[in-house]
Amino acid sequence: MKILAIETSCDDTSAAVVENGTKVLSNVISSQIPIHAKYNGVVPELASRAHIKNVNIVVEEALKQAGITFENFADKIDYISCTYGPGLAGSLLVGVMTAKTLSYIYQKPLIPINHIEGHIFSAAIENKNLKPPFLSVVISGGHTELVIIKDYGKYKFLGGTRDDACGEAFDKAAKILGLSYPGGPIIDKLAKDGNSSAVNFTRPMMKGTWDFSFSGIKTAVLNYSKKVDIKDKKVICDICASFRQAVAETVVTKAIAAAKEFSLSSIALGGGVSCNSLIREMFQKEAKKNKIKVFLASPVFCTDNAAMVAHVAYHKTLKKKFSYPSKNILSIKPSLELENWK
Ligand code: KG4
Ligand code: ZN
């Protein structure tokens, strides 16, 4: 069964064709980083305009790479899927309208997907051994979430961020340090040449709750940066290494504690920050110590992509969770929360 999925929730325009949930025939991503970098963050109106410009090209390329054309589409594609929330309203609209249009034209059922569910299961695309129950750690530019995954469509939310999302903290810290956008990958790179004990940023463990709070570390970076010369490469690298260490220790410690508390023997990471080299390394080390399996996705499936949307869509088809074109009343839900559908 082949699914064409479209993802446009933020600043990446992506389309993928995935067979039976895990065979990725194509996963095309058009990044808008050059458009937003000069503003140090995503500008919603520019994002939606860029999606409009890109979406047809990206869909056509995803089909082409999968050996599909608009002529043989109806024979080759079984379902159409798209992210309908959470995300930027204008951005979501482009993907949802494109998916709805294709659904009407080719008379294919449509499967709406929650973006967070995509990140939750992204590690399952390449790891057939990742099966519920497991603890999901979603760390991205918009989310920081610990969720118990009982099954596809059956979730228990444990905690989220009370202020900045994990990736947002990386991006804001980078901005303070005069680094470009998105800051996460740059901080990760510079941290490799720095001393992680140079600055003692506090670890916001938030005892007694599974929630996170990253705005304090970000403010600590701001205050520290005013006292030192941030033009000095060594100073910058030391701040990046110390900041990355503090965030990584916080996320890994809380996630391992949650897995132990709820007797979960597997943890899966998702979201752009799960590309972070220290977070990946620390998770593997700490999980091994605690006899917990860790599932990591390849970087291309960590950040926003349509293959993860197609993966969840496949599992929705198994539970008959889709709508026929004639009954299609799908609209965007920018503030969509994680919902149970099983
Ligand atoms: O999942 P994603 O592509 O988009 C959202 O759904 O938000 O995540 C983007 C976020 C950005 O904040 C970016 O700085 C962060 O992921 N990121 C990283 C790394 N690579 C991407 N953060 C830390 N280290 C990285 N290597
Ligand atoms: Zn995302």
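1. Basis. The model is predicted, so local features are given only at pLDDT of at least 70 and side-chain atom pairs only at pLDDT 80 or more, while totals for chains, interfaces and linings use all residues. Residues are numbered from 1 along each chain as its sequence is written, chains are lettered from A and ligands numbered from 1 in the order in which they are written, and side-chain values use heavy atoms, with hydrogens and water left out.

2. First sheet. Five strands in the order β3-β2-β1-β4-β5 make an open sheet with mixed pairing. Strands here are DSSP E runs of at least two residues, helices are H or I runs of at least four, and both are numbered from the N terminus; two strands pair if DSSP finds at least two bridges between them. At the edges are β3 (23-31) and β5 (110-114), each pairing on one side only. From one strand to the next the twist averages 20°. Angles run from 0 to 180 degrees between N-to-C directions, and axes are lines fitted to C-alpha atoms, for helices over the stretch in contact.

3. Strand β1. Six of the six residues of β1 (residues 2-7) are buried, so the strand is largely enclosed by the rest of the structure. Buried means under 20% relative accessible area, exposed over 50%, and partly exposed in between, with a 1.4 Å probe and protein chains only. Lys2, Leu4 and Ile6 cover one side and Ile3, Ala5 and Glu7 the other. A hairpin of four residues leads from β1 to β2, and the two strands pair in the antiparallel sense over six bridges. β1 also runs parallel to β4 (residues 79-85), joined by four bridges. Ala5 has Ala16 as its bridge partner in β2 and stands opposite Ser81 in β4.

4. β2 and β3 run antiparallel and are joined by eight bridges; the partner of Ser14 in β3 is Ile29. Helix α2 lies across β1, β2 and β3 at about 25° to β2. Helix α4 (residues 89-106) lies across β1, β4 and β5 at about 160° to β4.

5. Ile68. This residue sits in the loop between α2 (44-65) and α3 (73-76). Ile68 is buried, with a relative accessible area of 4%. Leaving aside residues up to four places away in sequence, Ile68 touches Lys2, Val17, Leu63, Phe73, Lys76 and Ile77, where contact means heavy atoms within 4.5 Å.

6. β9 (residues 266-270) and β10 pair in the parallel sense over three bridges, and Val294 in β10 is the bridge partner of Ile267.

7. Helices around α9. The axes of α6 and α9 are 11 Å apart, at an angle of about 170°. That makes α6 roughly antiparallel to α9. Angles over 145 degrees count as roughly antiparallel, under 35 as roughly parallel, 65 to 115 as roughly perpendicular and the rest as oblique. Cys166, Ala169, Phe170 and Ala173 in α6 meet Phe243, Arg244, Val247 and Val251 in α9. The axes of α7 (residues 183-191) and α9 come within 8 Å and cross at roughly 110°; these two helices are therefore roughly perpendicular. Buried residues of α7 pack against α6 (166-176), α9 and α10.

8. Zinc site. The protein donors of the zinc ion (ligand 2) are His115 (NE2), His119 (NE2) and Asp304 (OD), 2.0 to 2.1 Å from it. Donors are N, O and S atoms within 2.8 Å of the metal (3.2 Å for Na, K and Ca); water is not among the atoms, so sites may look incomplete. The spacing of the donor residues in sequence is H-x3-H-x184-D. His115 and His119 are four residues apart in helix α5 (residues 115-121), and so separated by about one helical turn. Both histidines, His115 and His119, are buried.
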